[in-house]
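Hi everyone, thanks for coming along.

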Amino acid sequence: PLVGCFTIGSSLSIHVLRQEQQHLARQFSRSAVNRFEGVGWEVGPTGAPVLGDVLARFDCRIDSIVEAG
């Protein structure tokens, strides 16, 4: 399950893309060797990679994990 990919204290970023950025969604959904190739990004405050020029972005640190469902 996906929950195994996350650990307390790890970081991640969530991006809200514009409609014309569908190519980015496809690029990051593939099992590519380097999904960031050709994409402008930087390291966010939590250490997670954050993309530039997106509608919104959330730079997050995992505080707790709740298994449900």
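There are two aromatic pairs in this structure. Rings of Phe, Tyr and Trp (for Trp, its six-membered ring) pair if their centres lie within 6.5 Å; planes under 30 degrees apart count as stacked, over 60 as edge-to-face and the rest as tilted. Phe28 and Phe36 have ring centres 5.0 Å apart and planes at 80 degrees, so they are edge-to-face. Phe36 also pairs with Trp41: here the centres are 5.2 Å apart and the planes stand at 50 degrees, so this pair is tilted. Together, ring pairs link Phe28, Phe36 and Trp41 into a cluster.

A quick word on where this comes from: the model is predicted, local features need pLDDT of at least 70, side-chain atom pairs count only at pLDDT 80 or more, and totals for chains, interfaces and linings use all residues. Residues are numbered from 1 along each chain as its sequence is written, and side-chain values use heavy atoms, with hydrogens and water left out.

Phe28 is at 25%, so it counts as partly exposed. Phe36, at 26%, is partly exposed, and Trp41 is partly exposed at 43%.

Now to Asp53. Asp53 is not a glycine, yet its phi is positive, about 50 degrees. With 63% relative accessibility, Asp53 counts as exposed.

Definitions and conventions:
Buried < 20%, exposed > 50% of the residue type's maximum accessible area, 1.4 Å probe, protein only.
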